[in-house]
Amino acid sequence: MGATSATASAGPALGQLREAAEMLTGEPAHDEVWLWELDRYGASSRPGLGHLVRAPWPTPAALGRALTCLMCPS
C-alpha cells in the first residue's frame, strides 16, 4: 500500500490525519503526516521524520471501519 501525505494544502481528509496524529502524540506534527499502514488491527502514521505512531483498534475492524476510526478519532 502506498503512503498518503497530509500537507497544509491537502483536502479535509488529509487535514484530519494531521489532527489525529497531533491528538495521539500530544505534540504538533512537523512537516507532513503520512498514513504509513492501515489494516484491520490499527493504523500507523508518520507525523515527522523519525516518528511512527501506531493506533490500534479495540477489536479487529473491516477496512472501511478502520479508516473511519482513523479519520474521526474520539
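In which strand does Ser-45 lie? The legends below answer this and describe further close-up views of a predicted model.

**Figure 1. Ser-45 within strand β3.** Ser-45 belongs to strand β3, which covers residues 42-48. With a relative accessible area of 5%, Ser-45 is buried, because a residue counts as buried when its relative accessible area is under 20%. Leaving aside its neighbours within four places in sequence, Ser-45 is in contact with Leu-17, Ala-21, Val-33, Trp-34, Leu-35, Trp-36, His-51, Leu-52 and Val-53.

**Figure 2. Ser-44 within strand β3.** Ser-44 is also placed in strand β3. The relative accessible area of Ser-44 is 5%, and this residue is buried. Apart from neighbours within four places in sequence, the residues in contact with Ser-44 are Trp-34, Leu-35, Trp-36, Glu-37, Leu-52, Val-53 and Arg-54. Glu-37 is the residue that stands opposite Ser-44 in β3.

**Figure 3. The pairing of strands β2 and β3.** Strand β2 consists of residues 33-39 and is joined to β3 by 5 bridges. The two strands, β2 and β3, run antiparallel. Together β2 and β3 form a hairpin, with 2 residues between them.

**Figure 4. The pairing of strands β3 and β4.** Strand β3 is joined to β4 by 5 bridges, and these two strands run antiparallel. Gly-42 stands opposite Pro-56 in β4. A hairpin is formed by β3 and β4, with 2 residues between them. In the turn of this hairpin, Gly-50 has a positive phi of about 80°.

Figure 5. Glu-37, Asp-39 and Arg-54 are linked in a network of salt bridges. What is the distance between the closest N and O atoms of Glu-37 and Arg-54? In the salt bridge between Glu-37 and Arg-54, these atoms are 3.3 Å apart. Glu-37 lies in strand β2 and Arg-54 in strand β4, so this pair ties together parts that are 17 residues apart in sequence. The side chains of Arg-54 and Asp-39 also meet in a salt bridge, at 3.2 Å from N to O. This second pair links distant parts of the chain, with Arg-54 in strand β4 and Asp-39 in strand β2, 15 residues apart. Glu-37 counts as partly exposed at 36% relative accessibility, and Arg-54 counts as partly exposed at 37%. Asp-39 is partly exposed as well, with a relative accessible area of 21%.

**Figure 6. A salt bridge along helix α1.** The structure holds 3 salt bridges. One of them is formed where the side chains of Arg-18 and Glu-22 meet, at 3.7 Å from N to O. Arg-18 and Glu-22 are 4 residues apart in helix α1 (residues 12-25), and they are therefore separated by about one helical turn. An α-helix has 3.6 residues a turn, so residues three or four places apart point the same way. Arg-18 counts as partly exposed at 23% relative accessibility, and Glu-22 counts as partly exposed at 26%.

**Figure 7. Buried residues of helix α2.** Which residues of helix α2 (residues 63-71) are buried? In this helix, Ala-66, Leu-70 and Met-71 are buried. They cover an arc of only 125° around the axis, and they are therefore on the same side of α2.

**Figure 8. A nonpolar patch on the surface.** Trp-34, Trp-36 and Leu-52 form this patch, and together they have about 320 Å² of accessible area. Leu-52 is found in strand β4, which spans residues 51-56. Leu-52 is exposed, with a relative accessible area of 53%.

How values were computed:
Residues numbered from 1 in each chain as written. Predicted model: local features only at pLDDT ≥ 70, side-chain atom pairs only at ≥ 80, totals over all residues. Heavy atoms only, no water. Patch = residues over 30% accessible without salt bridge, like charges linked within 9 Å, V, L, I, M, F, W, Y side chains within 5 Å. Areas by Shrake-Rupley, 256 points an atom, 1.4 Å probe, with all protein chains shown as cover. Salt bridge = Lys/Arg side-chain N within 4 Å of Asp/Glu carboxyl O. Buried < 20%, exposed > 50% of the residue type's maximum accessible area, 1.4 Å probe, protein only. Contact = heavy atoms within 4.5 Å. Pairing = 2+ DSSP bridges. Arc of directions from axis to C-beta.
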